[in-house]
Amino acid sequence: DLHPQITRKATACLRAMEGGNPSLDLTVYLFDRVVPRIPSDTRPLSKVARIRNMMIEEGGAASRYDYTLWLDSDIIEYPPDLPTRLIERNPDGITAPLVLIEEPGPL
């Protein structure tokens with residue numbers, strides 16, 4: 001579980017994002033359920049990939065939207081118009097670095 005202050009800050013940033021992108025059809029989907037690890041989670045990011053796939057399926061993002069922006073729970077400060085800025089800079093798709101905090105190993 002996240003510290004309550006982090007949860008409040010992250011939620012406030014997400015809510016600000018909803019109004020900070022008037023030119024976009026934007027839906028903020030907050031996934032806050034605990035998902036247990038399963039035997040097929042053999043790679044460091046297997047569980048993360050599984051959860052993100054669940055979010056896309058449950059939220060209908062695959063058929064409704066052109067873009068998906070993932071913000072992990074430890075990202076708690078960003079401008080409310082972040083999606084608009086990213087799309088303006090790269091309209092063909094948003095790219096970002098992947099930072100691995102887990103032990104090194106093959107993905």
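This is a short chat about a predicted model of one protein chain.

Student: Hi! How many helices and strands does the protein chain have?

Tutor: Hi! In this predicted model, the protein chain has 4 helices and 0 strands. Along the sequence, the pattern reads α-α-α-α.

Student: And what share of the residues is buried?

Tutor: Of the 107 residues in the protein chain, 19% are buried.

Student: Contacts next. What part of those with a separation of 6 or more comes from residues 24 or more positions apart?

Tutor: Such pairs make up 58% of the contacts with a separation of 6 or more in the protein chain.

Student: Okay, which residues form the largest nonpolar core?

Tutor: That core has 6 residues: Cys13, Leu14, Met17, Val28, Tyr78 and Leu82. Helix H1 gives the most to this core, with 3 residues.

Student: Let me pick Val28 from that list. What does Val28 touch, leaving out residues up to four places away in sequence?

Tutor: With those left out, Val28 touches Leu14, Arg15 and Glu18. Leu14 is also a member of the largest nonpolar core.

Student: Changing topic: where is Asn21?

Tutor: Asn21 sits in the loop between helix H1, residues 4-19, and helix H2, residues 46-59.

Student: Is Asn21 buried or exposed, and why?

Tutor: Asn21 is buried, because its relative accessible area is 1%, and buried means under 20%.

Student: Which residues does Asn21 touch, again not counting those up to four places away in sequence?

Tutor: Asn21 touches Leu26, Pro80, Asp81, Leu82, Pro83 and Thr84. One of these, Leu82, belongs to the largest nonpolar core.

Student: And what separates the C-alpha atoms of Asn21 and Arg85?

Tutor: They are 9.2 Å apart, while the two residues are 64 residues apart along the chain.

Student: Last one, Asp41. Where does Asp41 lie?

Tutor: Asp41 is in the loop between H1 and H2, which is also where Asn21 is placed.

Student: Why does Asp41 count as buried?

Tutor: Its relative accessibility is 9%, and the cut-off for buried is under 20%, so Asp41 counts as buried.

Student: What joins the side chains of Asp41 and Arg50?

Tutor: A polar contact of 2.7 Å joins them. Leaving out residues up to four places away in sequence, Asp41 touches Arg50 along with Pro36, Ser46 and Lys47.

Note on methods:
Residues numbered from 1 in each chain as written. Predicted model: local features only at pLDDT ≥ 70, side-chain atom pairs only at ≥ 80, totals over all residues. Heavy atoms only, no water. Helix = DSSP H or I, 4+ residues; strand = E, 2+ residues; numbered from the N terminus. Buried < 20%, exposed > 50% of the residue type's maximum accessible area, 1.4 Å probe, protein only. Contact = heavy atoms within 4.5 Å. Core = buried A, V, L, I, M, F, W, Y, C linked by side-chain atoms within 4.5 Å. Polar contact = N/O pair within 3.5 Å; in protein donor to acceptor, adjacent residues only side chain to side chain.
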